[in-house]
Amino acid sequence: MSTLADDPLLVFVLSLAVLWVCAQLGAALRRSREAHGQRAPETFTIVLTASLTLLGLIIGFTFSMAISRYDMRRNYEADEANAIGTEYVRVGFLPATDAAMTRMLLRSYLDQRILLYRSADEDRRGETRQRIDQLQRQLWSTVQNAGLAQPSALTALAAAGMNDVLNSQGYAQAAWWNRIPCAAWLLMSLIALILPLLLATAFLLIADIDSPRGGVIRVSPQNLLSLSRQLALAAPQPSTP
């Protein structure tokens, strides 16, 4: 279900088709019963109203879950950009050689994080994650070696900043994995037997907001992009002979 929810348009098409078929079957069954002189029991309206109320509550709660998860991903993206930007400044406390190396690695790391947000291909995202893991090891190793070589409060501050950078990536990844439970989708699908177009549109919107990459409403890495532009402007320009 999570894989299906990554494509909101497919959710819309499938839910609309299935619900339309269910509506047609229900209408045909009702006409058949009325043709044989059988009318729906009086309790049918009560059950129908209760079912629609329950479905509305579930959709509302699920929509709220999708919104909260979207806000969480957006906030963690901003926190990650702040952590990288702060560490880019703090590494100035390291020796000049280590500072230059760390800043170069941070710029590469920032580019890979932006690429991961924008990539829609799973194979490419896998390769990007591998490069991110490698850069994280290199970043930590550089700061660690510099801190051990010249232990001081300033190098400890740089090491703490690098720890924040690595932690922020973990928090952002955890937020991307925090999706709407499959049970919620299943429960809505079982109850949704009427109003096909309205319900399919609601499913489309929920899936769109809940999907980190597959929908139209996405978390844009605007903070990371802004930081990337700032670092590009602050980077020393190569001297021409």
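Trainee: What share of the protein's contacts with a separation of 6 or more comes from residues 24 or more positions apart?
Mentor: Those residues account for 79% of such contacts. Keep in mind that this is a predicted model.

Trainee: How many helices and strands does the protein have?
Mentor: Nine helices and zero strands. Along the sequence the pattern reads α-α-α-α-α-α-α-α-α.

Trainee: Why is T128 called buried?
Mentor: Buried means under 20% relative accessible area. T128 has 0% relative accessibility, so T128 counts as buried. T128 lies in helix α5.

Trainee: Which residues does T128 touch, not counting those up to four places away in sequence?
Mentor: Q112, L115 and L116.

Trainee: Why does R179 count as buried?
Mentor: The cut-off is again under 20%. R179 has 14% relative accessibility, and therefore counts as buried. R179 lies in the loop between α6 and α7 (182-191).

Trainee: How far apart are R179 and R69, in sequence and in space?
Mentor: They are 110 residues apart in sequence and 7.2 Å apart in space, C-alpha to C-alpha.

Trainee: How many salt bridges does a search of the whole structure find?
Mentor: Two. One of them is between the side chains of R74 and D71.

Trainee: What makes R74 and D71 a salt bridge?
Mentor: The side-chain nitrogen must be within 4 Å of the carboxyl oxygen. For R74 and D71 the N to O distance is 3.0 Å, so the pair meets the definition.

Trainee: Why are R74 and D71 separated by about one helical turn?
Mentor: Because they are three residues apart in helix α3.

Trainee: Why is R74 called partly exposed?
Mentor: Partly exposed lies between the limits for buried, under 20%, and exposed, over 50%. R74 has a relative accessible area of 38%, so R74 is partly exposed. D71, at 25%, is therefore partly exposed too. R74 and P221 are 147 residues apart in sequence and 8.3 Å apart in space, C-alpha to C-alpha.

Trainee: What makes R113 and E80 a salt bridge?
Mentor: The limit is within 4 Å. The closest N and O atoms of R113 and E80 are 2.5 Å apart, so this pair qualifies. The pair links distant parts of the chain: R113 is in helix α4, E80 is in helix α3, and they are 33 residues apart.

Trainee: Are R113 and E80 buried or exposed?
Mentor: Both are buried. E80 has 0% relative accessibility, and so counts as buried.

Trainee: Which residues is E80 in contact with, leaving aside its neighbours within four places in sequence?
Mentor: Y109, R113, Y117, S168, Q169, A172 and L224.

Trainee: How many residues does the largest nonpolar core have, and which have the most contacts inside it?
Mentor: The core has 28 residues, and I84, L94, Y109, L110 and L224 have the most contacts inside it. The elements giving two or more residues to this core are α3 (43-90), α4 (96-118), α5 (122-149), α6 (153-177) and α9 (222-234). The largest share, eight residues, comes from α4. Another core lies apart from this one, with nine residues, among them L55, I59, I206 and A207.

Trainee: Which residues does Y109 touch, not counting residues up to four places away in sequence?
Mentor: E80, I84, I132, L135, Q136, L139, V165 and Q169.

Trainee: Which residues make the nonpolar surface patch?
Mentor: W20, V21 and L25 make a patch of about 330 Å². W20 is found in helix α2 (residues 8-35). A patch takes residues with over 30% relative accessible area.

Technical notes. Residues numbered from 1 in each chain as written. Predicted model: local features only at pLDDT ≥ 70, side-chain atom pairs only at ≥ 80, totals over all residues. Heavy atoms only, no water. Patch = residues over 30% accessible without salt bridge, like charges linked within 9 Å, V, L, I, M, F, W, Y side chains within 5 Å. Areas by Shrake-Rupley, 256 points an atom, 1.4 Å probe, with all protein chains shown as cover. Helix = DSSP H or I, 4+ residues; strand = E, 2+ residues; numbered from the N terminus. Core = buried A, V, L, I, M, F, W, Y, C linked by side-chain atoms within 4.5 Å. Buried < 20%, exposed > 50% of the residue type's maximum accessible area, 1.4 Å probe, protein only. Contact = heavy atoms within 4.5 Å.
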